Amino acid sequence: MGQQNSSLVTDAVPGRSHFLITDIVLERTDSIEGHGTPLSLTELWVSETPGSEEEAKSLTLVHASPGRWEADGFIEITAETDAIDCIVKTDNGEDIGFMHLDVQGMHSERGRGQIVGMCDEYGQLTMSWGCVKISSKRKKVPDDVAAQFNNRGIELLRSFGRTGDLPDLTEGMTMLQDAVDLTPDGHADLPAYLNNLGNSFLSRFERTGELSNIADGISVQEKAVDLTPHGHADLPRFLNNLGNSFLRRFERTGELSDIADAISAQQKAVDLTPPGHADLPAFLNNLGTSFQCRFERTGELSDIADAIAAQQRAVDLTPPGDLPGFLNNLGISFESRFERTGELSDIADAISVLQKVVDLTPDGHAELPAYLNNLGSTFTCRFKRTGGLSDIADAISAQQKAVDLTPDGHAELPDRLTNLGGSLSFRFERTGELLDIADAISARQKAVDLTPDGHADLPGYLANLAASFSVRFTSFGNSGDLRESLSNNKAATISTSGPPRVRLGAAKSWARTLIRHQPQSPEVLLAFDTMLSLITLIAGLEQTVHGRFTQLEDISGLALEAAAAACALDRADKALEWLEQGRCLVWNQLNNLRTPLDDLRIQNEDLAQDIADVSKRLETAGSSRGQSHVDMSFSEKMSLEDEARAHLNLARKWDDLLKKARAIPSFESFLMPSPCSTLMQHLPESGPLIVININDRRCDALALLAGLDEPLHIPLPNFSVEKAIKYRSALVSELRVRNLRVREVNAISESIRSEPMVRGIGSAPIGKHGEGPVHRVLRGLWGEVVKPILDALAFSRVDRANGQVPPRVWWCPTGPLSFLPLHAAGIYRGLNCESVFDYVVSSYSPNVTAITDRVKSDQFSDATASGLFLTSQPKAPGASPIPGTTKEVQAIFDKAKESGVRTLKLEGDAMTVGECLQHMQDFSSIHLACHGSQNATEPLQSRFLFHQGSLELGTILQSNLKNADLAFLSACQTSTGQEKLSDEAVHLAAGMLAAGYRRVVGTMWSIGDRPAQDIATTFYEYLLAHRNGPSAAGFDGTLSAVALHYATQQLRLNLDNSERSLLTWIPFVHFGL
């Protein structure tokens, strides 16, 4: 039997043997592309021991992607070889690297690697390889005997494809295994026979779902590819088939590396196939299917666009008789895009295409059940959008027929059952027909029962079954249905297999059902705990920063929901832990990658260095890897896929390194989410940090004070999400009316031309008690949020007359409250005026860790870097002129010089972007007086506009700003977040904190040119006047929050309390220590 003999084609064999070294890759590991000594590698020389120089073999090195070269060919190692020597050569023939390998240690798992010994100035390379065992036990028979076995096996496989008859498959596999066993090593036909045997393993896996079959298939097909020389006519076909097997295993296990390998192999197959070749449509179709499957997992729109483009091209190149399979996959992709975008034309196209597929497929064809299932799914999709009863009837009809035609034991039967159950559930919700919900639960229960543990689809089937039980419970209130719904959602959530997003959906249903029906259940905490841990998997380090933000858009707010549940259970400690774990996720990941490793180095210096190296490469990959788009050539897309695979491998290596570190005593929680006890350490002594949680159920404040073990829980019963949204809407509307978008000399609207000295300020509608919308927002925030918190903490009003400096407070708002000016909350009209300014000095922080980390390490690593760098950019191309920046910077520079501070000033064309970055490394504090541009869709492309280009946040994040202290961003909207990512702090001020600055001054919206000058100059006057050791050349931003508080007060002395005056000073905010 073929399955029993599959051991003949395994990779790793101990002892001396005859084998091939394949998949040879050289990869640069010392630096990112564009840094360090450039390398141009062209040749790898290999000589055997024993042997002679004349017998040395030369392999060409192909530059596959940045910092990566692949050898074209393989090395044959005989049983007599003891070792090999490898020499790496450059394009000018220079030997720059050497490696000696003992054969005994080489033929192990694929991807074995070793560091190449290099000349000092060329940095570091590693070489990795795979091994293919050459058996010495094959029988010697005439060539035509093996060919006959192969041909008969193919005939039986084709028969199985038409009829689905399992005995045909079993006999065919036996024939194909015999063909391989009877073919000697080195025979030209051996790769083809291996490829066919691999296809048979794939067919049996698709029928039975046995993972061992697909593992054997991939092993055999990899050998076929490895033994096929570059340029061989069969190589594209072997690559395509290998890609198909990786795809099928991904569908079963959800392992991202498999889908990356599938796309890589299939793209190479397409790229190597000339136009007009008969196989090109099939290769395009399969590549499109892999893109579509990855889209289902990651949600990356470029993948579904690539899928449809490839599959449409396959259809266009295919004669009518061969269309059904290609049309089927194109229809599935249209449906996938509809589910993401809601574009009705896509679902109409999907139904049209899939109906054509069913019409073209004869009764008895093995693929007909699959086509019917897919057609039914598209009808269900359209029903959910439009509610047409004819659609759900058509869906059930097609899906019932698909189930009836699927034989028992077929691997796809559970999927077809759960889809049928879903359609029946939807019809029950519409019509109330009791038989429908009973049949739905029966079908979905059978799907679960037929699916083995560990299957990637099992969590989805469990969640679907839970949903049907929930529907019946909602209608009839049977407690047994509630128990079943909770039980199945729990099982789906805690499963160790399956897509994280599917498990997250089950976790949400589990937690919300508990909150609604069993709010005191101890499982509430477990449900939310698991839900929060799944968020980090969905936005993992294997993705770009852009990709992570995209993944988080539709799940923003889950941490707030969890925290509200914890507060309801009087568990302020869990609320704090969950808010810290589930918010600012991307910035937290960056912070983890930059974690000091001093303590770990004491225990294991090599491990610490490996973590440091991988973290740098992960950070670079996350912020610099390109994104695919439809207009790219296949070669460009292949390069991007290679980068993506390398990125994924780095993320997996990172996880492995963390496991090793956590195995060391006292490092068990290394880089894991911090418990409450840890978060309560290293808090500022000068005032509390106040986290304000906003949720539909309730609103609460958690006050963190130095010396306490747990947060002080302060309920806010008079505030709500609805009020926060209302206040934000009112404020945004007012800002829009007043055209407060950019820092300009004159941003006056047409309605206020009679007031030429006012910048960007228009008249406001007046409400009751003579208050405009800004006054009403600030009054509401004061009475419902800020004052209750200050009262609970026993803050008293500070007497300004005696020069007393108020205590510090750090605000950490969540949800829609993140966009509102808590630091300015107050009553500004009437006899009893009071505001935050009368009680505390306010700062903001995106999360708790951003403050505690800075308290823990609030010191310069290099005192010589202490100083102030300033730049003004008054005429950036494409932006309005802001001449006041020149006066602003000159005034600050003069005062700093007079005080003996080490300072540097560059203006306009005198500074390039690169020079600015260099000065940011050389000076602890910076002042950027320029235009700022926030990019909500691509946060790392948010930038500062200079005369000679733009300085992007992503570029700043890649810089080594180890001496960063204070950043004053005298630009507009530098702390304005993105609504869809309110808890990710997607703005320039938070980005500068992430880049390493201890404190940042930014703006919530546009600022007038003149007020900006006034605030900035007064701010620095205060800092310079309150320096410790006024004769020193250093510059310290420790008092920056107090300085901004003072500067704002001074500006307010020249203003009244009108709406326009409030909007003049409110935007200036302080972040960090």
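Modeller: A charge sits over a ring if NZ of Lys or CZ of Arg is within 6 Å of the ring centre and within 35 degrees of the ring normal. The model is predicted, so local features need pLDDT of at least 70 and side-chain atom pairs count only at pLDDT 80 or more, while totals for chains, interfaces and linings use all residues. Residues are numbered from 1 along each chain as its sequence is written, and side-chain values use heavy atoms, with hydrogens and water left out.

Biologist: Over which ring does the charged end of arginine 728 sit?

Modeller: The ring is that of phenylalanine 819, with the charged end 3.9 Å from its centre. Arginine 1052 sits likewise over phenylalanine 837, at 5.2 Å from the ring centre.

Biologist: How many aromatic pairs does a search of the whole structure find?

Modeller: Rings of Phe, Tyr and Trp (its six-membered ring) pair if their centres lie within 6.5 Å; planes under 30 degrees apart count as stacked, over 60 as edge-to-face and the rest as tilted. The search finds 14 pairs. One of them, phenylalanine 667 with phenylalanine 670, is edge-to-face, at 6.2 Å centre to centre and 65° between the planes. Phenylalanine 968 and phenylalanine 1019 have ring centres 5.0 Å apart and planes at 70°, so this pair is edge-to-face.

Biologist: Which elements of the chain does the pair of phenylalanine 968 and phenylalanine 1019 link?

Modeller: Helices (H or I, at least four residues) and strands (E, at least two) are DSSP runs, numbered from the N terminus. Phenylalanine 968 is in strand S23 (residues 966-970) and phenylalanine 1019 in helix H34 (residues 1009-1025), 51 residues apart. Together with Tyr1020 and Phe1035, these two residues form one aromatic cluster.

Biologist: Is phenylalanine 1019 buried or exposed?

Modeller: Buried means under 20% relative accessible area, exposed over 50%, partly exposed in between (1.4 Å probe, protein chains only). Phenylalanine 1019 is buried, at 0% relative accessibility, and phenylalanine 968 is buried at 1%.

Biologist: What does asparagine 328 join through a polar contact?

Modeller: A polar contact is a pair of N or O atoms within 3.5 Å; within protein, one must be able to donate a hydrogen and the other to accept it, and residues adjacent in sequence count only if both atoms are side-chain atoms. The side chain of asparagine 328 has such a contact, of 2.8 Å, with the side chain of asparagine 374. Asparagine 328 lies in helix H9 (residues 324-341) and is buried, with a relative accessible area of 6%.
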